[in-house]
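This report describes the arrangement of domains, sheets, helices and chain contacts in one model. The sequence and structure come first.

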2 protein chains.
Amino acid sequence: MSSKSEQKNLKASVAPAEPSGNPFDRRSFLVGAAAGAASLALPGWISATEDVFASATGLTGFDDDLSAIRAEITKRHDETVQRMQTWMKQPSIAAENRGMNEGCELAMQMLRDAGFQQVTKIPTDGQPGIFATLDAGAPKTLGLYFMYDVKQVDPSEWSSPPWEARIVDKPGFGKVVVGRGAVNQKGPESTFLAALHAIRGAGRKLPVNFVFVAEGEEEIGSPHFAQVVHRPEVLAALKKTVGIFMPFASQDPDGKVTAFLGAKGVVELELVSSGEKWGRGPKADIHSSNKARLDSPAWHLVKALNTLVSADGNDPAIAGFADKARPISAQEKAMVAEAARRLDEKALMKQMGVEHWVHDVSFEESLELLVSKPTVNIEGLVGGYTGPGGKTILPHRAMAKMDMRLVPDMTAADALAALKAHLAKNGFGDIEVNMTGGYDPTTTPADAAVVRAEHAVYKRNGIDPIVMPRLAGSWPGYVFTGDPLRLPAGHFGLGHGSGAHAPNEYYVIESSNPKVQGIDGAVMSYVEYLYEVARTA
Amino acid sequence: MSSKSEQKNLKASVAPAEPSGNPFDRRSFLVGAAAGAASLALPGWISATEDVFASATGLTGFDDDLSAIRAEITKRHDETVQRMQTWMKQPSIAAENRGMNEGCELAMQMLRDAGFQQVTKIPTDGQPGIFATLDAGAPKTLGLYFMYDVKQVDPSEWSSPPWEARIVDKPGFGKVVVGRGAVNQKGPESTFLAALHAIRGAGRKLPVNFVFVAEGEEEIGSPHFAQVVHRPEVLAALKKTVGIFMPFASQDPDGKVTAFLGAKGVVELELVSSGEKWGRGPKADIHSSNKARLDSPAWHLVKALNTLVSADGNDPAIAGFADKARPISAQEKAMVAEAARRLDEKALMKQMGVEHWVHDVSFEESLELLVSKPTVNIEGLVGGYTGPGGKTILPHRAMAKMDMRLVPDMTAADALAALKAHLAKNGFGDIEVNMTGGYDPTTTPADAAVVRAEHAVYKRNGIDPIVMPRLAGSWPGYVFTGDPLRLPAGHFGLGHGSGAHAPNEYYVIESSNPKVQGIDGAVMSYVEYLYEVARTA
């Protein structure tokens, strides 16, 4: 989302997600979570899933299908790993316009290899998207969302080269692949494609048809993804789907899963105060002794920022900003209350490195805020001299990098307009508001077929997911859940990985923890999901 | 000046000084200044000075002295240039601890070569200082202040390599030397030493004795200079002097000179808001979705900054900050009024790139503010993500780099204490206040002998200097003018250069403008000054 991927941070709603370079592991916060709740002994899917599934579905042939496919997954393990490594070895960084054409072509070829009959590059005003279809002659059609770009890297920070996709032993996890895109998102995406290869390799028909859309700008905020989705032929195809999903390694290090029924919207923007636009103060950095006779664009920015939030910095004070914010519902409050019961507040705070929630609220209230509170955040401040020590200048320009998180029924356009109007009304109309990314909130009903299918597979694998009303982070699901499609959309998949945007990003290939699936188990979770969608949707 | 040199910005009091990298020429603001005032046709000193001087002093032998010395200066022109180049070619950057020992040793050797009988390296807690004496058997002793360090460079920004000290033709100026230290301060300093060589080379006795002190940390705020000056043997020697001066290229591109009777004091500091110290918010950068439940150290900083100045950012609002500020006196107001009459406001504003003074005051009021108004300035803001686009983090730390300018009788210690007390009282006691440099204001009486000698030489050279009560910038003259020495101190010298702290710093060697002295004329101005001090002090 916006200038960075956030669906790799789907856990961020209850756990802190690591920013790039921060070793904090967003996935491990659930370690130590209330052990009494939901920690049923997990059956490995290999031993138990088929029988459970077969008895649950009662559908002829599925038993045989799953057995044969499982065998095929095992047989194709090395092929699956190699396909993933091939993809990971191709840098495709939209922010640097690096390897994008090669990355797009490679993704298209992988789709063709997986059985997509129609694969089309869709030009946009930025990097191209991909539209593809696979007609299996099935009654149901499922939508798929991929990204083929990855985040930037600083190779000096990595323990193994980011484009080598090296398989290493990671203590406590097993064999993992290390490289950019391992978990965000090439690893889970290629794992999903392996499910199609396994089903077809086992001589079985795919249980659903597919309509596929991908973008190459997810890591820079999906600025042109709507241009892909809103093409008439793409809209027409997507309208036939029962919903959209993105392959995702959803397991925490202890195997647990948190599921989200949507995500906050976001607006990322820069507020820029400058002498040029203000018409006061200098138009270039000038010696700081001149402060005595000249206005300061940096002070002007501070004074403007000061009006945007309450005295403690926690409550948005932008007039009209949250007028359309829908209060948390009774059903959502119940979900949050259950999550608060099942999560371990102390362990979470310790792992986040925090001692207080805002206003010193309770854990349950903190989770309510997380899912329901619109926010105005400073991502960064930069202006004038930023190096070591000081430099006696009066800067002509200063900037705040901001994000605003939105809940239904707020929109990115409304939030931006409210901010601009607020600044103008308070004497800061000269301050530039440059939106760099963002989109509306995403909401998917709990009873949508694709959601029920996800939860059915989790439960069949012994996982009772914590369900949260929405992710506090953001992803561009609004293109699916908003007008004109109004489709359910979400993420799904077993398996584990971490380090999205950080050095040493990894994805588990062979798990040493029986509660966490390796890549073969992750492939099988997609197989189960497709059969479940076919059965349920 | 604190973490940067400011005496190279002596003109900053009426003109904007360029920050590093800014091509704006602080010296050229006087171009176009009221042509009717003080623009007497300048006699070149070679043709007129001696006679004028001789008739002014009426002292036997000076005539002959000056003639012989002038000839010696011409004879030694190449030697003077080479000495300067040798010094400039030795990098000596305290901020990078680069070449400091070599730079110190070279400066000491140059002093010995110039006739100083005693040259001692003075250790400090930082880079060493230098204490040297030259006993010429003269009745009067003059103090000298040098710096042997220079500002950092980015060689890629230079048109000729910064350590090559290349002589180039600069249209409108003549032959100039280009390199780091050219004007700040190795050029004028080596030019001064050339005056001693010329006097001795002409077989004349030096008209005054010298007590010399130098530091190697001027560009990082002179943090240990007082350790040099306050050594008992140094204090004892300095007490015998009639005052202190630093060689300085004081001419603007049009030949005019502005003189200052002191300088504002300065405190440079960093205000740091962090989750660690606050005990609220994160202790490491965390995903920005957490703003809904976590306090923000960046907002905390904004709220603290907001309390430091008035709503328009122009008036300090730190309680007690300026309690001891002495109002501008009638005499000072008169100086400012004359400066306002002689300077061209429109040309100045154009060259500074500004359209309004604070509060839209008149030019005269703007100059009054410049010399008499204490200030609180933001030099820089830095925190969280500062790169291109955005990054969805809630930063654990944000910093404002600040400077506060002080007028008599404020002190750096009082200002710092007032800021800390103000923050504590307003709920921001957790915000770190890290002073990185600074010192008290400097004041020298207009009737001090060393000042009268400066002005006498300027006038004898046809220059009627604009005299300002003080420089709005700062230099560490407080160690001389404050307790226990209470000596007059200032800068002097003809000649022109610019680009201190910027790329392509230069100093005029052979001037193509008859109103601006080249290096030989600058050497002669020091000769005249020494004779004038001997006569006057």
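Which strands does helix 4 of chain A lie across? Helix 4 of chain A, residues 100-113, lies across strand 1, strand 2 and strand 6 of chain A. The helix runs at about 165° to strand 1 of chain A. The model is a predicted one.

In chain A, an open sheet is formed by six strands in the order 1-2-6-3-7-18, with mixed pairing. Its edge strands are strand 1 (118-122) and strand 18 (489-492) of chain A, each of which pairs on one side only. From one strand to the next, the twist averages 25°. Within chain A, strand 2 (residues 129-134) and strand 6 (residues 209-215) run antiparallel and are joined by five bridges. A:Ile130 stands opposite A:Ala214 of strand 6 of chain A.

**Domains of chain A**

The domain assignment divides chain A into domain 1 (57-252 + 477-536) and domain 2 (265-325 + 374-439). Taken over C-alpha atoms, the centres of domain 1 of chain A and domain 2 of chain A are separated by 38 Å. Contact between these domains involves five residues of domain 1 of chain A and six residues of domain 2 of chain A. On the side of domain 1 of chain A that touches domain 2 of chain A, three residues are nonpolar, two are polar and none is charged.

**A helix pair in chain A**

The axes of helix 10 (residues 330-342) and helix 12 of chain A come within 9 Å and cross at roughly 130°. Helix 10 of chain A and helix 12 of chain A are therefore oblique to each other. The crossing of helix 10 of chain A past helix 12 of chain A is right-handed. Helix 10 of chain A contributes A:Glu332, A:Lys333, A:Val336, A:Ala337, A:Ala339 and A:Ala340 to the contact, and helix 12 of chain A contributes A:Phe363, A:Glu364, A:Leu367, A:Glu368 and A:Val371. By class, this contact of helix 10 of chain A with helix 12 of chain A has seven nonpolar, no polar and four charged residues.

**The interface between chains A and B**

Between the chains, 82 residues of chain A are in contact with 82 residues of chain B. Among the elements giving two or more residues to the chain A side are helix 9 (297-306), helix 12 (363-372), strand 14 (397-406) and strand 15 (432-439) of chain A. Strand 12 of chain A gives the most to the side of chain A that touches chain B, with nine residues. By class, that side of chain A has 32 nonpolar, 32 polar and 18 charged residues. Strand 12 of chain A also runs antiparallel to strand 12 (residues 375-384) of chain B, and five bridges join them.

**Strand pairs and one hairpin**

| Strands | Sense and bridges | Bridge partners |
|---|---|---|
| Strand 12 of chain A and strand 12 of chain B | antiparallel, five bridges | A:Gly380 and B:Gly384 |
| Strand 4 of chain B and strand 5 of chain B | antiparallel, five bridges | B:Ile167 and B:Val177 |
| Strand 5 of chain B and strand 20 of chain B | antiparallel, five bridges | B:Val178 and B:Tyr506 |

In chain B, strand 4 covers residues 166-170 and strand 5 covers residues 174-178. Their hairpin has three residues between the strands, and B:Gly172 takes a positive phi near 90° there.

Conventions:
Residues numbered from 1 in each chain as written. Chains lettered and ligands numbered in written order. Predicted model: local features only at pLDDT ≥ 70, side-chain atom pairs only at ≥ 80, totals over all residues. Domains from an automatic or database assignment. Contact = placed C-beta atoms within 7 Å. Nonpolar A, V, L, I, M, F, W, Y, C, P; charged D, E, K, R; others polar. Pairing = 2+ DSSP bridges. Helix = DSSP H or I, 4+ residues; strand = E, 2+ residues; numbered from the N terminus. Axes fitted to C-alpha atoms, helices over the stretch in contact; angles between N-to-C directions. Parallel < 35°, antiparallel > 145°, perpendicular 65-115°, else oblique. Left-handed = near helix turned anticlockwise from the far one by under 90°.
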